[in-house]
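I wanted to know where the ligand sits and what surrounds it. I opened the model and kept notes.

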Amino acid sequence: MNVATVEINEVAPRDGFQIEAAFVPTQEKIRLIDALSRTGVARIEATSFTSPRAIPNLHDAEAVMNTIERLPGVGYVALVPNEKGAERALACRADELNLVLSASDSHGLANLRMTAAQSLEGFANIVSLTRGSDVFVNAAISTAFGCPFEGSVSTLRVLTLVERLLALGIQGVSLCDTTGVADPRQVAERCEAVLSRWPWLPLTLHFHDTRGMGLANALAAWQSGVTRFDAALGGLGGCPYAPGASGNICSEDLVHLFARMGVDTGVDLERLIDASKTLPGLIGHETPGQVVKAGPADRRYPQPAGVGR
Ligand code: COA
Ligand code: ZN
């Protein structure tokens, strides 16, 4: 199944900034999120409500969430690891909580100090906190395609976790390839396994391009019927508690890919590229994104002088 419309969830303000060596000043984060709100992305993962000891770069989560401009039609998402994070995010009027757990307990313990079972216990309480509100509750399964400590993670493990999450009343699920180990065949199999069982599920795929397979994996997911993708401006990103982690698939490269194929993302590529050009000034280094350097594929150059036809 190929679908003509996809939604982009922009995660650079969270997945991107969390791993940078430099702290991006709060005002600069807000300015970037406000620019991203005008690009046409469906959602922006604006920050995370994590322990400031675990993720010091996002210790300003309240200031960011309370100051950004909220544009209608854009969902403002916050990543949340536990009940305390959920209370903080709800107090700041997040539209969506993205609850994070790990498919592999060794990564869960390194990243969250929790096994998947312990995360699920906390999620049950978080769901009750949101009952009666219109906050969307998503859960992101880290290491859903493989773990840097344990290696392979089975499809059965992922399906069991999805089943438990849905039984708790969680509304959407993301499968995250935290360290870029997935390959397109595995992605197709896993997406089809989930979507054949829960065809109505808002399923998001979250890829890192650690081994150059990110866009191929996104394409494989789309060909399997997935319509929701996380991506980070400039290709920033990475989990500080996953050895060898590197950037997410790059938003402008993904939007460009879909645009070339006639798939509507609703995103204005030029605006996204303009926003991406501001990143090196914020983080102090070049970004891995390709289209921001090469320009879109329909870019044309003047012929060199003196070359006749
Ligand atoms: N926000 C702010 N502070 C929090 C918090 C939250 N969501 N959760 C816990 N804390 C504080 C507690 O209040 C306590 O503070 P104190 O020492 O001043 O009393 C301290 O952190 C320890 O609390 P505890 O519940 O024992 O947490 P922990 O040290 O076991 O850490 C997490 C668990 C989940 C909070 C932490 O590992 C974390 O934030 N991980 C996020 C990792 C991440 O975002 N990775 C990348 C994205 S996948
Ligand atoms: Zn990630």
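**Ground rules.** I am reading a predicted model, where local features need pLDDT of at least 70, side-chain atom pairs count only at pLDDT 80 or more, and totals for chains, interfaces and linings use all residues. Residues are numbered from 1 along each chain as its sequence is written, chains are lettered from A and ligands numbered from 1 in the order written, and side-chain values use heavy atoms, with hydrogens and water left out.

**Shell.** I looked up the neighbours of ligand 1 and found 19 residues around it, each with a heavy atom within 4 Å. Phe49, Ser51, Asn82, Arg88 and Asn111 are the closest. By class I noted eight nonpolar, six polar and five charged residues. Here Ala, Val, Leu, Ile, Met, Phe, Trp, Tyr, Cys and Pro are nonpolar, Asp, Glu, Lys and Arg charged, and the others, Gly among them, polar. Helix H4 (83-91) gives the largest share, three residues.

**Atom pairs.** I checked N and O distances next. A side-chain N or O atom of Asn82 is 2.8 Å from a ligand 1 nitrogen. A backbone N or O atom of Phe49 lies 3.0 Å from a nitrogen of ligand 1. For Arg53, a polar side-chain atom lies 3.0 Å from a ligand 1 oxygen.

Key:
Polar contact = N/O pair within 3.5 Å; in protein donor to acceptor, adjacent residues only side chain to side chain. Helix = DSSP H or I, 4+ residues; strand = E, 2+ residues; numbered from the N terminus.
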